Amino acid sequence: MIDDEEAGPAPEAEAEAPSSPTSLPQLPRPRSTRTFVVANQKGGVGKTTTTVNLAAALALGGLRVLVVDLDPQGNASTALGVDHHAGVAGTYEVLLEGDRVEEHVVLSPEAPNLHVLPATIDLAGAEIELVSVVARETRLKRALAAYRETHALDYVLLDCPPSLGLLTLNALVAADEILIPIQCEYYALEGVSQLMRTIDMVKGQLNDDLELSTIVLTMFDGRTRLASQVAEEVRGHFRTQTLPTVIPRSVRIAEAPSYGQTVLSYQPGSVGAIAYVNAAKDIAQRGVEGGH
């Protein structure tokens, strides 16, 4: 039986760290562009939060980053301070109308060299509209390949809706690596097994290069033994993929999007911001060690 006894300070009691992530040292540049699909079929695991904060941290470390928002809710666009109201062109026009990525990419105010392809509510109908489109699974892959021919990028992060439809499938085909955020709570691995089956299907039929390279433990609550036990369980299943840095459950992280910001600009000295900076360092270092 899992013991949920309190074992530490409340997550709301966040101490301000002495240093600010806005003055990050240069992170190591990968040998070639690393394209991550950030996916988890289970909702509420910090998927979009992880996407935007890692993207900002990587960009603040001097790297060239593109975030592609594939979720009709446009939460990644919101958190990165990018307009995405009805009528704003973005991911929908690239996928359904064949527009070039550079026509609609905008610079985020969150960090230098952080660009965003925004999502609008128009994407809500894209799942149905894509069904009849020729080469529907490779639309995003071809658009990104064309963009990279004229724009140097170090990291591309694809933020997906919490479903395994055609939008997520396009991201899985376009990516080289998968990053799965997993919350340190009950049923943490729920949905991961189905995602793994989808990954195997994509690898076998559409994208042989796809690999599950990174798992980020999110919403870690130091008050509970449950969190530590879940983290241990995840590391047992995914020993090499799980980052050493865990992301704490944090009021600051949760508040930031309502201000159109990442936690790195909203509260740069908070433990949540520092955790995402350290996670970005882990990812960047692994990219060098892994030969990416």
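Predicted model: local features only at pLDDT ≥ 70, side-chain atom pairs only at ≥ 80, totals over all residues.
Helix α7 covers residues 192-205, and its 14 residues, at 1.5 Å a residue, should span 20 Å, which agrees with the 20 Å between its end C-alpha atoms. Within α7, Val192, Leu195, Thr198, Ile199 and Val202 are buried, and because these buried residues fall within an arc of 115° when seen down the axis, they line one face of the helix. On the other side of α7, Arg197, Asp200, Gly204 and Gln205 are exposed, while the cover over the buried residues includes α6 (166-174) and β6 (177-183).

Thr262 sits in the loop between α9 (251-255) and α10 (263-266), and it counts as buried because its relative accessibility is 1%. Beyond its neighbours within four places in sequence, Thr262 is in contact with Val52, Asn53, Ala56, Ala79, Leu80, Glu110 and Ala256.

The count of salt bridges comes to nine, among them the pairs tabulated here.

| Pair | N to O distance |
|---|---|
| Arg29 and Asp154 | 2.4 Å |
| Arg136 and Glu137 | 3.4 Å |
| Arg249 and Glu185 | 1.8 Å |

Arg249, in the loop between β8 (242-248) and α9, pairs with Glu185, in the loop between β6 and α7, so the bridge ties together parts that are 64 residues apart in sequence. Arg249 is partly exposed at 31% relative accessibility, and Glu185 is partly exposed with a relative accessible area of 26%. Salt bridges that share partners join Arg29, Arg64 and Asp154 into one network.

Methods. Residues numbered from 1 in each chain as written. Heavy atoms only, no water. Helix = DSSP H or I, 4+ residues; strand = E, 2+ residues; numbered from the N terminus. Buried < 20%, exposed > 50% of the residue type's maximum accessible area, 1.4 Å probe, protein only. Contact = heavy atoms within 4.5 Å. Expected span 1.5 Å × (residues − 1). Arc of directions from axis to C-beta. Salt bridge = Lys/Arg side-chain N within 4 Å of Asp/Glu carboxyl O.
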